[in-house]
Amino acid sequence: MPRRPSDLDDHPSGGDTPPHRTPPHRDTAPDGDAHTAGVSRRGANDPGLDDLSAPRGADDPPEDWPADLARPVGEESLVGGYIGRTTRATLADGRTVVVKRCPYPALQEADGLRALGVAGAPVPAVFGVGAHILVLEYVAGDPDWSRLGRAVARLHRHTAARFGWPIVNYHGRFPQDNTWSDSWPDFYVQRRVAPQLARADLPADLRARIETACAGPLPALLRPDPPASLTHGDLWPGNMIDGRWLVDPAVSYADRELDLAYLSLSNDLPPEFMIAYRDEYPVEPDFEERRPALLLHKYLVNVRHFGDRALPRLWTLLEHYGW
């Protein structure tokens, strides 16, 4: 079994931290620094679609606020967040809500939250959706990590006949291709790794080694025919509120091991979560052999968000497998 090197186990980054929690957590870049607006760097081949900025709250055009929702009469910024800007707002009808201003179409994130909710996962209710505004239920409570672990396991038992999702959605700032596929190895390589590899700013020799891995060793390593589970898509404690709710999804039907690999990056996930998860839905004994390979997509996303600082994790992953 391949050794699990410690430097493959960094905290994930590139997602949008949900700041309405106690205590707040911030996204961290690959070297442990807090996210700042200046650290992201587009690759030379990135399309303009990826070069987005979150709209300013004070300048929200009236047409962007959900038409059937009372407007805010007061807002306060919430700590955290790299991709969007999040506030706690009081609406004219007296409700307290969370307003997230997204650099991508908010409808995609709302679609993911609703899908998770329909499957029984605990998520904030979606009150309204504008072009780049998402208005959510404000939630807070005492952590129940065991309950959340069981909920994610049950989420993963919701399956489809194929891998993918009906619409394009976003992983961090970047569009996520969810075109349906009958093959999990093909889906992971062609829909997850390849699009990020094509747009990441990488040294030529590193790019060549990843391309070689994608041409054979990587798909051969993955499970050939796992269930196509409903997955959160960017699962880590930064996308969990108070150990009770899930937010900021990038949903698709995928091998559930992708969610589990992302979870393994976090050093602040309470052990009760995985104990309860495994009790509800046992993990394959050889998962650890595939876990680092399932992080290739996340590490490429990190390179696009953070530039050269994220490169060492890619080199280490390739060395781990001898690719």
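User: What makes W184 and Y188 separated by about one helical turn?
Analyst: They are 4 residues apart in helix 3 (residues 184-199), so about one helical turn lies between W184 and Y188. Helices (H or I, at least four residues) and strands (E, at least two) are DSSP runs, numbered from the N terminus. This is a predicted model, in which local features need pLDDT of at least 70 and side-chain atom pairs count only at pLDDT 80 or more, while totals for chains, interfaces and linings use all residues. Residues are numbered from 1 along each chain as its sequence is written, and side-chain values use heavy atoms, with hydrogens and water left out.

User: How many aromatic pairs does the structure hold, and why is the pair of W165 and Y253 called tilted?
Analyst: There are 8 aromatic pairs in the structure. The ring centres of W165 and Y253 are 5.5 Å apart and their planes meet at 40°, so this pair is tilted. Rings of Phe, Tyr and Trp (its six-membered ring) pair if their centres lie within 6.5 Å; planes under 30 degrees apart are stacked, over 60 edge-to-face, and the rest tilted.

User: Which parts does the pair of W165 and Y253 tie together?
Analyst: W165 is in the loop between strand 6 (159-160) and strand 7 (169-171), and Y253 is in strand 12 (residues 252-254), so the pair joins parts 88 residues apart in sequence. Both W165 and Y253 are buried (under 20% relative accessible area with a 1.4 Å probe, protein chains only; exposed is over 50%, partly exposed in between).

User: What makes W184 and Y188 an aromatic pair, and of which kind?
Analyst: Their centres are 5.7 Å apart and their planes 35° apart, which makes the pair tilted. W184 and Y188 are both buried. Ring pairs also join them with F163 and F187 in a cluster.

User: Why is helix 3 called roughly antiparallel to helix 4?
Analyst: Helix 3 and helix 4 (residues 204-214) pack at about 165°, with axes 11 Å apart. Axes are lines fitted to C-alpha atoms over the stretch in contact, and angles run from 0 to 180 degrees between N-to-C directions. Helix 3 is therefore roughly antiparallel to helix 4 (over 145 degrees; under 35 is roughly parallel, 65 to 115 roughly perpendicular, the rest oblique).

User: How are helix 9 and helix 10 placed to each other?
Analyst: The axes of helix 9 (residues 296-306) and helix 10 (residues 311-321) cross at roughly 155° and come within 9 Å. Helix 9 and helix 10 are therefore roughly antiparallel.
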